[in-house]
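Visitor: Please take a close look at one residue in this model. Then carry on to the other parts you can describe.

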Amino acid sequence: MSQNDAGEDNQLSREDQSAILTLQQDLLAAIARGDEPLALIDRLCLLEEQLVPGAVASVMRLSDESGTLQVLAAPSIPDEAQARLQNLRPGPGAGSCGNAVFRREPVFVANTFTDPRWAELRSTAVDFNIRACWSMPIYGAGGKVIGSFALSSFAHREPGVFHRRLLEIGAHLIGILLERQAQDTQLRLAARLFETSEEGIVITDAHNRIQAVNPAFSRTTGYASEECLGRRPSMLSSGRHDKAFYQRLWGELMRNGHWQGEIWNRRKNGEIYPEWLVLSAIRDPAGQITQHVGIFSDLTEYHASQNRIRFLATHDVLTELPNRMLLEERCGQVVAWARKAGHRVALLFVDVDNLKLVNDSLGHAAGDTLLQSVAQRLRHCVGEKDLVCRQGGDEFIVLLDELPNLEAATSVAQRINDRLGAPYHTDSGELVTSVSIGIAMYPDDGDDFNALLRKADAAMYEAKEAGRNTFRSHHPEADPDALDELVIRNGLRPALTRDEFALHYQPILSLATGALLGAEALLRWRHPTLGDIPPDRFIRVAELSGHIVSIGEWVLHEACRTAATWPGHELSVAVNLSPLQFRHGSLEGCIAAALEASGLDGRRLELEITESTLMGDTTLLIEQLARLKALGLRLAVDDFGTGYSCLAYLRRLPVDKLKIDRAFVGDMSEDADDASIVRAIIQMAEGLGVRTTAEGVESAHQHAMLEALGCAEGQGYFYARPMPAEVFAGWAADNMARPALT
């Protein structure tokens, strides 16, 4: 058997391997009894038909005289069909068997009704419902093709690994039988099978003394043939099976004549290994047992693969740390013991800060290496009874057992902060990162895994908001808000698929004429349990969790789709961008896709970005803004005056509008400083050649002051509150029908 065959055997299930071993065992027993070769071939066909339901087996022999194929064995094929197959000349259209002999290679036809290789036998296939046929050439001495062995199926199908293995074994055995038909060659046949089998074979006498072992037996066990002769197979005993096991084995062997199952044996070097063993009792014509034959397959690789599968079910692939499933099980056990013993348990939620930056700048391979190093350091920060697991992404969880108080947990958290903050030496160079840690304690913060995890998670976000590279413990007095925030964060991912988001539109008007110019799209969330959640609560959480990118993409598509339906086809729509969304790298493609899908003219789309978004690499920023401008859209700086406002900086950026923050507009009537700031912003905008929009206009007096100062546009409750899309469409139609002020 080739290395490829061995590789395919490793893909077979235990049941398939057992079936193949049983087939070989049955044939070896028949050969040992001296059965006639043709009877053996018929028996092989019937056995393989049992293993492949819905198929019939056939053997054709190549005539040296005529060069045609003759049916040698086909116990389940009608005589009329056999007659049609007689004298078949090998060739490219002579069916699977004719092609296998002609090409000297296996031929697998899944549809005989359409395959050109069955052109000469199409009528036979149709008349006898032969829908698929898999054929294997039979080789004789010197590698000469002497016939074919085939399985014909009554359904269109491809052969699997198991079917191909059966065909290979059948063709191999038949080839040997056809070359050794004389009685004196039957022993040589058995010897050849015995010597060349990849499965270990041991033959004992009636008293269970070893008479012969094959080379595969020696390769597997380490014992040479001469070391085994005359000894009992118990020389391989591993000690893992008790006396009752062997009593059951021998009892079944005596009753039924065979036994099969998994057994653990010991190699000569002392290594214990599993094998799948098939035992048969050989009887003489009088029914007396003369010999026992054992055929076995080493299951070491199979067990290793199964163990690996079980390991991966409970461990993280990258770090090989336990996963959440194993952690949850262990936490339940630890809490149960703590409840009886009266000590405390801590759950630490550890989040690696800025892992995305490493992935984006150095690649995911560098990020994976960093995570593996973090996992290794975490293991060294805790005791033997503690457990470190990776939840996924950049999140790890540490379970601390048998703690006297919270201070013990915070001491471990500080140790983690210190050790994980040290530089990491990687192939990409020296990396430095930090972690944010949230701590929850049993019994103070909960008495089960889920309760502790929720509160440790919430505490971890408090650590991030405190500047990262630190830890925070759960505060019971803050529990309602923390729980709500956790509900918000967990609800963000499914909110899009459940259509919980909606856009409301607030009109933007000309201060001079009162004409409607467009509207700003404002995101709203109707949570199924918390109700309407203000944007200032969930936007921050969405940015921290990264969900803002997918939410922002939805907002762009929805706003463009809605604006394309507005009356007049002139009104613009303004969409707010998060700094995270702006830096994500997919913004340009997302905007282009939204414009294309909606048919909206790019000149009607306005992107609102904050001053903090504009801070960074000026050259790269200008290039990115230029690419956005190339789509035809306009750029506005939102909440202008609340951040880093620099005239020299703004002059280099292709912005079209400055939006004056509502904080200045609201107080400008009473506060001279605010009025001066508004005047300065408007004058700056005029100097830059850009328009201004005042936000939060709530009175006629504010409107008049802004107009007098030269502000071009306004929005606020004085004109209209934000409204759903369908309401805004009606409001816009009414407004546009009224004559503008002059």
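Guide: T204 sits in strand β6, residues 200-205. The model is predicted, with local features needing pLDDT of at least 70 and side-chain atom pairs pLDDT 80 or more, while totals for chains, interfaces and linings use all residues. Numbering starts from 1 along each chain as its sequence is written, and side-chain values use heavy atoms, without hydrogens or water. Strands (E, at least two residues) and helices (H or I, at least four) are DSSP runs, numbered from the N terminus.

T204 has 3% relative accessibility, so it counts as buried (under 20%; exposed is over 50%, partly exposed in between, with a 1.4 Å probe and protein chains only). Its side chain makes a polar contact with the side chain of N208, at 3.3 Å. That term means a pair of N or O atoms within 3.5 Å, one able to donate a hydrogen and the other to accept it; residues adjacent in sequence count only if both atoms are side-chain atoms. Beyond four places in sequence, T204 contacts (heavy atoms within 4.5 Å) R209, I210, Q211, P233, T290, Q291 and H292.

Next, a helix pair. Helix α3 (residues 37-51) packs with helix α7 (residues 161-179) at about 175°, and their axes are 10 Å apart. The two are therefore roughly antiparallel (over 145 degrees; under 35 is roughly parallel, 65 to 115 roughly perpendicular, the rest oblique). From α3, the contact uses P37, L40, I41, L44, E48 and L51. From α7 come F162, L166, L167, G170, L173, I174, L177 and L178. By class, that contact has 12 nonpolar residues, one polar and one charged.

Now the cores. The largest nonpolar core has 70 residues. Such a core joins buried Ala, Val, Leu, Ile, Met, Phe, Trp, Tyr and Cys residues through side-chain atoms within 4.5 Å. Y505, V573, I591, L605, L607 and L706 touch the most other members. Helix α20 (residues 548-563) gives the largest share, eight residues. Leaving out residues up to four places away, I591 touches L556, L605, L607, L628, L631 and L633. Another core, of 47 residues, lies apart; I20, L44, V59 and A73 are among them.

Last, the backbone. Most residues other than glycine have a negative phi, and most peptide bonds are trans. The bond from Y442 to P443 is cis, with omega near 5°. P443 lies in the loop between β16 (435-442) and α17 (449-465). N129 has a positive phi, near 55°. Its loop runs between α6 (122-127) and β4 (132-139). With a relative accessible area of 30%, N129 is partly exposed.

Key
Axes fitted to C-alpha atoms, helices over the stretch in contact; angles between N-to-C directions. Nonpolar A, V, L, I, M, F, W, Y, C, P; charged D, E, K, R; others polar.
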